[in-house]
Amino acid sequence: MVPGTHEVISHSGQMIYNASMGVCSIPLKSQCDLILRLEDVRSMPKIDLHRHLTGSITPTIMKKVAAHFCDLHSFSSAEEEDRLFPKGNISSHQDYFISWPLLSQLFHSIEVSRFTIRLILQELADDNVVYTELRTSPKGLDNGEQYSFAEYLNLLLECSAWAEAELGIVVRWIIGIPRHEYSHLRDGEDIVAFFEDAISLATAFHPHCVVGWDLNGIEEVAGPRRFKGVFERIRAAGFDITVHAGETTPVEQVIEAVGLLGATRIGHGISALLEYKTISCNELRSVVYEVCPTSNQKLGVLRQLAELPLPQALRTGGPYLVIASDNPGRLGTSLSMELYNYARAHCLDITALRAMTTAALSYSFADPQTRSRIVERLYAEDLSSASLAPTFS
Ligand SMILES: [Zn+2]
């Protein structure tokens with residue numbers, strides 16, 4: 001999973017990243033020495049490996065779409081904003097996703113989808129994200145859209161090309177299967193057959209557009225085991241796998257996601273992260289955890305950011321960890337805010353965050369050529385350390 005031979009060394013000569021060890025030594029400062037400004041995190045090139053398209057719709061984006069398309073005018077009211085973006089804590093995944101069916105209307109046609117996606121990508125660029133793997137459900141299958149899945153995949157390809165040319169960011173896509181939307185299907189072959197055409201279509205877009213598949217949605221509705229056959233087919237097509245597990249469910253779902261679905265990254269996995277010191281299990285220590293702190297805290301599964309492991313935990317063989325934004329529009333956050341809050345909780349400085357960003361790139365599903373292009377962006381504004389930039393092969 002960790003590619004090539006490469007390492008990152010701090011200005012003081014301290015090894016902070018090694019391909020064979022992950023982030024192996026993060027320079028720490030005492031709380032009183034800590035100087036980390038949010039604007040420094042904002043201006044730092046960043047990588048977001050766990051971000052949902054629908055959850056990236058902010059109230060501002062919703063109003064812009066509503067102003068542009070008269071049939072969506074109802075989305076421009078203040079009452080609608082209060083309804084779709086409720087404040088405060090979230091009691092359950094059902095509560096979390098309550099706005100999704102309505103927000104999905106901002107993808108009801110190719111034209112509206114293009115407009116919405118471009119606004120979302122603009123917000124990513126404004127936060128100085130240079131590489132992202134955006135998750136989207138397989139729209140056009142059976143959700144009442146006015147277009148096919150093939151048309152939607154072509155739109156994703158077009159939007160990625162637009163983002164790279166106009167915004168300078170590289171966008172790849174992960175197709176997410178919302179487990180709660182397929183509970184009407186029977187176990188076994190029916191589920192595999194249902195997704196067969198979608199997997200075949202997406203294969204033509206791999207790896208230059210679609211890089212992976214994800215199982216997401218309400219964890220309590222169905223465990224990873226139910227989708228074993230689907231993900232066997234997806235893996236056989238050459239895709240990488242990430243699975244939402246262990247956010248609101250016990251560690252056993254994480255073990256199933258790794259052992260049965262072949263996940264190399266886990267969305268959240270909070271139950272595993274909080275117990276990893278006491279659980280001796282290879283499945284839990286061999287994957288990358290995509291932690292989205294605000295999301296986890298609003299759901300009440302994480303009390304304090306300090307409960308999360310430090311990157312130094314990697315010195316002892318795991319777990320690997322990246323910080324991501326999840327649903328920043330729904331949650332009122334950004335990747336910069338997530339990194340800033342995590343760093344503050346652990347007394348990390350900007351050098352440490354840059355090392356984590358380099359590590360995140362190595363955990364991405366991008367092909368080696370794409371990673372090499374991204375790493376040039378990560379080091380482009382710091383010429384003094386350009387010679388330390390890792391190479392990918
Ligand atoms: Zn998520």
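The structure is a predicted model, in which local features need pLDDT of at least 70 and side-chain atom pairs count only at pLDDT 80 or more, while totals for chains, interfaces and linings use all residues. Residues are numbered from 1 along each chain as its sequence is written.

The chain holds 17 helices and ten strands, where helices (H or I, at least four residues) and strands (E, at least two) are DSSP runs numbered from the N terminus. Of its 393 residues, 45% count as buried. Here a residue is buried if 20 or more other C-beta atoms lie within 10 Å of its own, exposed if 12 or fewer, and partly exposed in between, with C-beta atoms placed from the backbone. Two residues are in contact if their C-beta atoms, placed in that way, lie within 7 Å. Among contacts between residues at least 6 apart in sequence, 73% join residues at least 24 apart.

Strand β3 (residues 46–52) pairs with β4 in the parallel sense over five bridges; strands pair if DSSP finds at least two bridges between them. On the other pairing, β4 runs parallel to strand β5 (residues 170–178), and six bridges join them. Arg135 takes part in both pairings: the residue is the bridge partner of His52 and stands opposite Ile174 in β5. Asn128 has a positive phi of about 60° although it is not a glycine, and counts as partly exposed because 18 C-beta neighbours lie inside 10 Å.

Helix α9 (residues 228–236) has Val230, Phe231 and Ile234 among its buried residues. These three lie on the same side of α9, because they cover an arc of only 90° around the axis, the arc being that of the directions from the helix axis to the C-beta atoms. As background, an α-helix has 3.6 residues a turn, so residues three or four places apart point the same way. The buried residues of α9 pack against α8 (189–203), β6 (210–216) and β7 (240–245). The axes of α8 and α9 come within 9 Å and cross at roughly 25°; axes are lines fitted to C-alpha atoms, for helices over the stretch in contact, and angles run from 0 to 180 degrees between N-to-C directions. The two helices are therefore roughly parallel to each other, a term that covers angles under 35 degrees. At their meeting, Ile191, Val192, Phe195, Glu196 and Ile199 in α8 face Gly229, Val230, Arg233 and Ile234 in α9. Just after α9, Gly238 takes a positive phi of about 100°.

Further backbone features lie in loops. Between α8 and β6 sits Pro207, and the peptide bond from His206 to Pro207 is cis, with omega near 0°. Asp326, in the loop between β10 (320–323) and α14 (328–331), has a positive phi of about 65° although it is not a glycine. Asp326 is buried, with 29 other C-beta atoms within 10 Å.

Finally, Ile90 lies in the loop between α3 (78–84) and α4 (93–96). Ile90 and Gly300 are 210 residues apart in sequence, yet 7.5 Å apart in space, C-alpha to C-alpha. Leaving aside neighbours within four places in sequence, Ile90 is in contact with Asp95, Tyr96, Lys298 and Leu299.

Notes. Parallel < 35°, antiparallel > 145°, perpendicular 65-115°, else oblique.
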